[in-house]
Amino acid sequence: MMYDRCFICGTTRNLQTHHVFGGGRRRSSDRYGCLETLCIEHHTGSNYSVHQDASLSLVLKQKHQKRLMDEGMSVEEFIRIFGKSYLDRNFWEEDTDGEA
Ligand SMILES: [Zn+2]
Ligand SMILES: [Zn+2]
């Protein structure tokens with residue numbers, strides 16, 4: 001899912017593509033559209049960038065996990081592809097009866 005402006009600040013200058021799930025999951029990020037457009041400052045170039053701020057990185061991971069699950073991916077499938085779930089269990093169990 002690509003945009004022509006930075007996800008964080010909205011600038012249209014110095015944009016780069018961020019793979020939300022990096023490292024060994026980079027290909028899966030490509031395949032499942034887990035890409036974000038960020039300016040260089042918010043990509044890698046400052047303390048408040050996805051490569052330096054884990055909480056910011058997590059926001060994007062959660063956003064894309066939610067999207068994929070909204071599109072019909074099960075949490076088991078997500079974990080098989082991306083290694084772990086980044087969402088609280090409530091996100092996919094909220095409609096079920098609470099079983100002990
Ligand atoms: Zn930015
Ligand atoms: Zn990146």
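Reply: In helix H3, the residues Leu60, Lys61, His64 and Gln65 are buried (a residue is buried if 20 or more other C-beta atoms lie within 10 Å of its own, exposed if 12 or fewer, and partly exposed in between, with C-beta atoms placed from the backbone). Seen down the axis of H3, these buried residues fall within an arc of 135 degrees, so they line one face of the helix; the arc is that of the directions from the helix axis to the C-beta atoms. On the face turned away from that buried side, H3 carries the exposed residues Ser55, Leu58 and Asp70.

Please keep in mind that this is a predicted model, where local features need pLDDT of at least 70, side-chain atom pairs count only at pLDDT 80 or more, and totals for chains, interfaces and linings use all residues. Residues are numbered from 1 along each chain as its sequence is written, while chains are lettered from A and ligands numbered from 1 in the order in which they are written.

Helix H3 covers residues 54–70, 17 residues in all, and reaches 24 Å from its first C-alpha to its last. That is close to the 24 Å expected at 1.5 Å a residue, where the expected span is 1.5 Å times one less than the number of residues. After H3 comes Gly72, with a positive phi near 115 degrees.

What covers the buried side? The cover over the buried residues of H3 includes E2 and H4. In soluble globular proteins, nonpolar side chains tend to be buried together.

Beyond its neighbours within four places in sequence, Cys6 is in contact with residues including Leu38 and Cys39 (contact puts two C-beta atoms, placed from the backbone, within 7 Å).

Stepping back, the chain has five helices and two strands, which are DSSP runs (H or I, at least four residues; E, at least two) numbered from the N terminus. The chain averages a pLDDT of 90, pLDDT being the predictor's confidence in each residue, from 0 to 100.
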